[in-house]
Amino acid sequence: MELEDKEIDEIEKNIPNKIFDIQKSLLFSMELFLFKKGPETKLDIATVCMKDAVDVGCDAVYALRQAHIHLRQHNNIITDEYCKFLELNRFKFYLDDISLRHYAGAEHIAYFIIAFKQINDTDLNPYRSKHTSMASTVGLYMIKEHPSDQITSVITNLNNNTDWSKTREYRNKWVHEQPPLIEGLGIVYKRKSRWVPIKGGYELRLGFGDTPDYTINNLLTMMGNASEIFVETLDAIKDIFFNHLKDLGVKFKDGRPHSVKVP
C-alpha cells in the first residue's frame with residue numbers, strides 16, 4: 001500500500017535532504033588539484049574519506065525516510081495486526097541502520113581529518129585508549145592540540161549534541177549488548193533471570209515482560225535530530241575543505257571543483 005502525496009510531503013519536511021546536494025558537490029575528479037602540492041599531499045586520501053562520509057550520510061537519510069514511511073503505514077494504512085507488527089519491525093530496522101551508519105560516518109570524518117591535517121600516528125598515540133573509536137581519538141587530539149581550528153569547532157558542536165550522543169549510545173548497546181527494546185513489538189524481555197532471590201529461596205516473578213527502553217516517537221525524534229546535526233557537520237566540513245581548495249587556486253563551477261590554472 002502506498003501513502004498519499006500529502007503524507008509524503010509531510011515526511012519530507014523531516015528529512016535533511018541537503019545531504020544529496022553535498023554528495024553532488026563531491027562529484028569531481030581530484031586529480032585536477034593534486035599536482036598543486038606534489039606527492040607529499042594527502043588531499044587525495046582526504047577527498048576519498050570525505051566522499052565516504054557523505055555517502056554514508058546519504059544512506060542514513062534514506063533510512064530515515066524509510067522509517068517514516070513504515071511508521072505511517074503501521075499507523076494509518078495497515079489493519080492486520082501481524083502486518084502492523086511487521087511494519088514496526090521494518091521501522092526499527094531502518095532506525096537501527098541509521099545508528100550504525102552514523103558511527104561509520106564519524107569514523108570516515110576522523111580519517112578525513114587525519115589526512116587533511118596530515119596528522120601522524122605518533123601524534124594520536126597519547127589520545128588512544130582501548131576500545132576507543134578513531135572519531136573519539138581524533139576529537140580529543142583536535143580539542144587539545146588545535147582548539148581554535150575550524151574543524152575542532154565543528155566536531156565539538158556535533159559531539160555536544162544530545163541526540164547525537166544518545167544515538168551513539170544506542171549503537172553501542174545494539175552492537176555490544178542486548179539490542180535496545182522499543183514499544184509496540186509485543187511482549188519484550190531484558191536479559192535477566194525471572195527467578196528473584198528472596199530470603200530462604202527464590203521467587204518466580206510472573207508478568208507481561210519488561211518495560212521497553214524507547215517509545216516509537218522518542219526513538220524517531222532522536223534519530224531524526226542526530227541525522228540533522230550529522231548533515232550539518234558534513235556540510236560545514238565540506239565548506240572548510242572547499243575553501244582550502246580555493247586557496248590552492250581551484251576554480252568552482254555549479255558548486256563543485258571544476259578546473260585549476262596550470263603554472
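**Figure 1. Crossing of helices α9 and α10.** In this predicted model, the axes of helix α9 (residues 162-176) and α10 approach within 8 Å and cross at roughly 115 degrees. Angles of 65 to 115 degrees count as roughly perpendicular, and α9 and α10 are therefore roughly perpendicular to each other. The crossing in which α9 passes α10 is left-handed.

**Figure 2. Packing of helices α5 and α10.** Helix α5 spans residues 81-116 and helix α10 spans residues 216-247; their axes come within 11 Å, with a crossing angle of roughly 25 degrees. Because of this angle, α5 is roughly parallel to α10. Here too a left-handed crossing is found, with α5 passing α10. The residues of the contact of α5 with α10 comprise 18 nonpolar and 6 polar residues, and no charged ones.

**Figure 3. Salt bridge between Lys-117 and Asp-149.** Lys-117 pairs with Asp-149 in a salt bridge whose closest N and O atoms are 2.6 Å apart. Distant parts of the chain are linked by this pair, the two residues being 32 residues apart. Lys-117 lies in the loop between α5 and α6 (121-124), whereas Asp-149 lies in the loop between α7 (134-145) and α8 (150-159). Over the whole structure, 14 salt bridges are found.

**Figure 4. Nonpolar surface patch containing Trp-195.** Four side chains are shown: Trp-195, Tyr-202, Leu-204 and Leu-206 form a nonpolar patch on the surface. Together, these residues have about 520 Å² of accessible area. Within the patch, Trp-195 belongs to strand β1, which covers residues 195-198.

Note on methods:
Residues are numbered from 1 along each chain as its sequence is written. This is a predicted model: local features need pLDDT of at least 70, side-chain atom pairs count only at pLDDT 80 or more; totals for chains, interfaces and linings use all residues. Side-chain values use heavy atoms; hydrogens and water are left out. Patches are made of residues with over 30% relative accessible area and no salt bridge: like charges are joined within 9 Å, nonpolar side chains (Val, Leu, Ile, Met, Phe, Trp, Tyr) within 5 Å. Accessible areas come from the Shrake-Rupley method with a 1.4 Å probe; for residues, only the protein chains shown count as cover. Helices (H or I, at least four residues) and strands (E, at least two) are DSSP runs, numbered from the N terminus. Axes are lines fitted to C-alpha atoms, for helices over the stretch in contact, and angles run from 0 to 180 degrees between N-to-C directions. Angles under 35 degrees count as roughly parallel, over 145 as roughly antiparallel, 65 to 115 as roughly perpendicular and the rest as oblique. A crossing is left-handed if the near helix is turned anticlockwise from the far one by less than a right angle, and right-handed if clockwise. Ala, Val, Leu, Ile, Met, Phe, Trp, Tyr, Cys and Pro count as nonpolar, Asp, Glu, Lys and Arg as charged, and the others, Gly among them, as polar.
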